[in-house]
Amino acid sequence: MKKKLLLLGGGHAHLETLAALETIQKRGHEVTVVAPSPHHYYSGMGPGMLGGTYTPESIRFDTEAMVTKRGARFVRGLAVAIDAGEKTVRLSSGELLDYDVLSNNVGSYVKSDLIVAPGSTVYSVKPIESLLTLKQALLNRCHEKVLQIAIAGGGPSSAEVAGNILQLVQNARGQRPVITLYSRSGFFDHFDEKIKTGVTNILEAKGIQRVEGDAVVRVDGPSIGLASGRQCPADFVISATGVRPSPLFADSHLPTGPDGGLLVNPFLQCTAHPEIFGGGDCIHFQEHPLNKVGVYAVRQNPILLHNLLAQLEDTPLTPFHPGGNYLLVFNLGEGTGYLHKNGIRFHGKIAFRIKDFIDRRFMTKYQRLM
Ligand SMILES: Cc1cc2nc3c(=O)[nH]c(=O)nc-3n(C[C@H](O)[C@H](O)[C@H](O)COP(=O)(O)OP(=O)(O)OC[C@H]3O[C@@H](n4cnc5c(N)ncnc54)[C@H](O)[C@@H]3O)c2cc1C
């Protein structure tokens with residue numbers, strides 16, 4: 001019997017399923033994909049796009065084309081509620097879509113509790129489209145004066161964005177900005193001491209400043225207010241304060257983990273509704289929580305594809321094994337990176353070239369399918 005598969009989001013965990021849409025439909029199933037944009041950006045290359053190493057086109061997938069070329073339906077929209085009893089999904093437009101099997105890859109957003117005065121702008125590191133807007137705004141103003149740039153957050157994305165802003169402004173022959181990273185706790189405090197020291201030294205050598213143990217709480221025109229009461233100048237404010245899974249599941253009263261991600265069992269299947277699956281940043285893996293890194297979303301691809309077909313066709317599911325340690329390379333701008341895996345750590349041009357090679361290979365693999 002013909003069954004309906006509904007995919008929410010065209011993110012990193014759905015790429016193999018999108019590539020297999022023809023096969024899925026040949027097996028008699030009807031597929032609909034919902035996403036708010038015709039494109040999906042690869043976040044690992046987002047800071048490099050900000051710095052001008054990559055064009056926007058080279059770091060995105062044309063999701064709509066991937067779907068429609070394979071004869072499936074693409075709906076441009078935002079899912080706002082899942083009714084697991086009725087097996088329907090409501091979009092922000094009011095449209096209702098029904099499913100037999102539902103897969104979620106709706107990602108995460110930057111959680112921010114900043115109080116923003118009317119007329120002030122805060123750029124966020126996600127969605128990646130926001131870095132494009134930031135890039136244009138910086139190019140528009142970097143010749144006018146020495147800009148004060150405040151980045152709220154003390155993790156990898158704040159370091160990557162800071163380094164790539166310097167690259168952008170330098171290549172545009174603008175005035176070198178003053179960049180300050182503000183972190184509520186310590187800078188890079190989720191990493192071991194050697195990584196923390198290594199990245200700190202690189203940022204210091206670039207003149208990037210840090211304020212630790214004091215969070216940005218207010219954005220007010222050309223200044224920011226810190227938790228301590230201090231006011232600091234800021235022509236640009238960027239929020240990089242960590243990500244949270246999409247609120248879709250909590251809003252839909254589905255089981256969630258403590259972070260609000262869809263609670264899934266080892267089969268990437270919702271613990272309460274066997275016909276609902278998910279992957280990437282939007283899930284909370286019940287066995288043990290996974291870091292919000294694209295590596296896991298990518299590793300989940302084949303399992304998600306297998307299990308969606310298995311659920312449609314009533315065949316056995318396969319468990320997801322997260323795998324061992326993963327390689328992470330931070331792109332710190334000006335052609336340099338910081339690499340670490342299993343106790344190996346180094347920084348410099350080679351580290352960046354390794355990241356660049358891996359990222360370009362990943363893009364080529366899936367862009368070829370468009
Ligand atoms: C600046 C930055 C750099 C990073 N660099 C790296 C790196 O080098 N390596 C690494 O492993 N990780 C990196 N990460 C982490 C990585 O971005 C995430 O782990 C990864 O994006 C997760 O992929 P995803 O597909 O689950 O989510 P996302 O990439 O967030 O994709 C979700 C998709 O769902 C769509 N969507 C959202 N809401 C809805 C909805 N309601 N209905 C329908 N569609 C929806 C979105 O438009 C988007 O296309 C970085 C993160 C940032 C912010």
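This is a predicted model: local features need pLDDT of at least 70, side-chain atom pairs count only at pLDDT 80 or more; totals for chains, interfaces and linings use all residues.

Me: Let's go pair by pair. How many bridges are there between E1 and E2?

Reply: There are 5 bridges, linking strand E1 (residues 4-8) and strand E2 (residues 30-35) in the parallel sense. As an example of who faces whom, Lys4 stands opposite Glu30 in E2.

Me: What about E1 and E9?

Reply: Those two run parallel as well, joined by 4 bridges. Leu5 has Val101 in E9 as its bridge partner.

Me: Then E9 and E22, how many bridges?

Reply: They pair over 3 bridges, in the parallel sense. There, Ser103 stands opposite Phe277 in E22.

Me: Are the residues on the two faces of E9 buried or exposed?

Reply: Buried, on both faces. Val101 and Ser103 sit on one side, Leu102 and Asn104 on the other.

Me: OK, next sheet. What's the order in the open sheet of 3 strands?

Reply: It goes E6-E7-E8, and the pairing is antiparallel. Strand E6 (79-83) and strand E8 (96-98) are at the edges with a single partner strand each, so one side of each has no neighbour in the sheet. Neighbouring strands here are turned by 25 degrees against each other on average, direction ignored.

Me: How many bridges join E6 to E7?

Reply: E6 and strand E7 (residues 88-91) are joined by 4 bridges and run antiparallel.

Me: Zooming out: how is the protein chain divided into domains?

Reply: There's domain 1 (4-109 + 243-324), domain 2 (112-241) and domain 3 (326-370). The centres of domain 1 and domain 2, taken over C-alpha atoms, are separated by 31 Å.

Me: How many residues go into the contact of those two?

Reply: Domain 1 puts in 13 residues and domain 2 puts in 14 residues. On the domain 1 side, helix H3 (46-51) and strand E10 (108-110) each supply at least two residues. The largest share of that side, 6 residues, comes from H3.

Me: And what classes are the residues on the domain 1 side?

Reply: 7 nonpolar and 6 polar, with no charged ones.

Me: Last topic, the ligand. Why does it lie between domain 1 and domain 2?

Reply: Because both domain 1 (4-109 + 243-324) and domain 2 (112-241) give residues to the shell around it. There are 35 residues around the ligand, and Gly9, Gly11, Ser43, Gly107 and Gly280 come nearest.

Me: Which element gives the most to that shell?

Reply: H9, with 3 residues. E2, H3, helix H6 (156-171) and H9 each supply at least two.

Me: What's the breakdown of the shell by class?

Reply: The shell has 15 nonpolar, 16 polar and 4 charged residues.

Methods. Residues are numbered from 1 along each chain as its sequence is written. Two strands pair if DSSP finds at least two bridges between them. Axes are lines fitted to C-alpha atoms, for helices over the stretch in contact, and angles run from 0 to 180 degrees between N-to-C directions. Domain bounds come from an automatic or database domain assignment. Two residues are in contact if their C-beta atoms, placed from the backbone, lie within 7 Å. Ala, Val, Leu, Ile, Met, Phe, Trp, Tyr, Cys and Pro count as nonpolar, Asp, Glu, Lys and Arg as charged, and the others, Gly among them, as polar. A residue is near a molecule or strand if its C-beta atom, placed from the backbone, lies within 6 Å of it. A residue is buried if 20 or more other C-beta atoms lie within 10 Å of its own, exposed if 12 or fewer, and partly exposed in between; C-beta atoms are placed from the backbone.
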